[in-house]
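Work through the exercises below with the coordinates open. Each task is followed by a solution in steps.

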Amino acid sequence: MTTMPETVDAFHRGRFHLIQPLGQGHRAGMDAMLLSSLVSCRDRCRVADLGAGAGAAGMAVASRIDEAEVLLVERSAIMAGFARRSLALPENAHFASRVSVLEADVSLSGKARSAAGLPDDAFDHVIMNPPFNDAADRKTPDSLKAEAHAMTDDLFEAWIKTAGAIMKPGGQLSLIARPESIAEIIAACGRRFGGIEITPLLPRAGENAVRILVTAIKQSRKRLALRAPLVMHDEGTHRFSQEVDDLNNGRAAYRRRQ
């Protein structure tokens with residue numbers, strides 16, 4: 001049997017480590033860290049990371065927030081295996097007991113979803129970094145990467161429907177996506193979520209957004225708010241801005257305004 005090449009990567013300046021496939025599948029980076037920064041809780045909270053991959057975003061939440069219990073939900077048995085092995089690393093011992101892995105399809109609904117281990121009204125936070133490429137955009141022979149990156153029809157509707165079902169009333173949905181997905185995300189939130197806050201992420205001041213950070217509250221009736229952009233890099237440098245560097249390395253949370 002051929003062994004898949006892999007790396008062990010440090011996140012949050014070495015606060016936790018992640019085993020990831022090398023040359024195959026989706027490799028976690030800044031998107032996952034910014035997604036994790038959207039979670040903020042002072043008391044015990046339950047967090048579901050939908051489509052968790054190797055578990056970077058969910059583990060980042062657990063590493064930063066001592067009160068967080070995290071469920072990593074991943075359909076791919078291979079990627080779920082990477083997450084389980086990462087949890088066994090000694091560098092992750094400070095949160096491993098608060099993180100578990102569930103192999104399940106995020107798009108399941110009703111009794112099938114509950115039977116798979118995702119019951120109704122169970123989580124305070126649901127985070128997601130859904131596949132972001134149209135299925136016809138860029139073909140790849142890498143089946144793991146194709147599964148992680150290729151968007152299917154009504155993906156946001158299916159994933160956000162699941163988030164709304166498994167989240168407690170008043171719970172927070174958080175996601176990171178490409179700007180062109182705004183309309184689909186808002187439509188999928190529908191009457192399930194309100195108080196939507198959208199933050200554009202810009203490479204530099206004056207440039208177009210490359211990502212959006214979105215949060216929303218289950219059953220809220222507050223209006224949508226478009227927040228001031230986050231700018232990744234200071235003018236004339238490749239260094240991250242101080243705010244983005246703090247979010248990327250687990251030193252701060254990006255808190256809601258509403």
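The model is predicted: local features need pLDDT of at least 70, side-chain atom pairs count only at pLDDT 80 or more, and totals for chains, interfaces and linings use all residues. Residues are numbered from 1 along each chain as its sequence is written, and side-chain values use heavy atoms, with hydrogens and water left out.

**Exercise 1. Overall dimensions**

Task: compare the radius of gyration of the protein chain with that of a compact globule.

Solution. Step 1: the radius of gyration is taken over C-alpha atoms, and the globule rule is 2.2 Å times the number of residues to the power 0.38. Step 2: for 258 residues the rule puts a compact globule near 18 Å. Step 3: the protein chain has 17 Å, which agrees. Step 4: the C-alpha trace spans about 55 × 55 × 45 Å along its principal axes.

**Exercise 2. Surface, burial and contacts**

Task: find what percentage of the residues of the protein chain count as buried, and describe the accessible surface.

Solution. Step 1: buried means under 20% relative accessible area, exposed over 50%, and partly exposed in between (1.4 Å probe, protein chains only). Step 2: 53% of the 258 residues count as buried. Step 3: areas come from the Shrake-Rupley method with a 1.4 Å probe, and for residues only the protein chains shown count as cover. Step 4: the accessible surface of the protein chain comes to about 12200 Å², with 50% of this belonging to carbon and sulfur atoms. Step 5: a contact means heavy atoms within 4.5 Å. Among contacts between residues at least 6 apart in sequence, 69% join residues at least 24 apart.

**Exercise 3. Secondary structure elements**

Task: count the helices and strands, then examine helix H2 and strand E3.

Solution. Step 1: helices (H or I, at least four residues) and strands (E, at least two) are DSSP runs, numbered from the N terminus. Step 2: the protein chain has eight helices and 13 strands. Step 3: eight of the nine residues of H2 (residues 56–64) are buried, so this helix is largely enclosed by the rest of the structure. Among the buried residues of H2 are Gly58, Met59 and Val61. Step 4: E3 is mostly covered, with five of its six residues buried. Step 5: two strands pair if DSSP finds at least two bridges between them. E3 and E4 run parallel and are joined by six bridges; Cys45 has Ala68 in E4 as its bridge partner.

**Exercise 4. Salt bridges**

Solution. Step 1: a salt bridge is a side-chain nitrogen of Lys or Arg within 4 Å of a carboxyl oxygen of Asp or Glu. The structure holds 14 of them. Step 2: Glu69 and Arg44 meet at 3.0 Å, N to O. The pair links distant parts of the chain, 25 residues apart: Glu69 is in strand E4 (residues 68–74), and Arg44 is in the loop between helix H1 (30–37) and strand E3 (45–50). Glu69 is partly exposed at 27% relative accessibility, while Arg44 is exposed at 62%. Step 3: in the salt bridge of Glu197 with Arg227 the closest N and O atoms are 3.1 Å apart. Glu197 lies in strand E10 (residues 193–202) and Arg227 in the loop between E12 and strand E13 (230–231), so the pair ties together parts 30 residues apart in sequence. Both residues are buried. Step 4: Arg251 and Asp246 meet at 2.8 Å, N to O. Shared partners join Arg13, Asp245, Asp246 and Arg251 into one network of salt bridges.

**Exercise 5. Single residues**

Solution. Step 2: not counting residues up to four places away in sequence, Asn248 touches His12, Met30, Met33 and Phe240.
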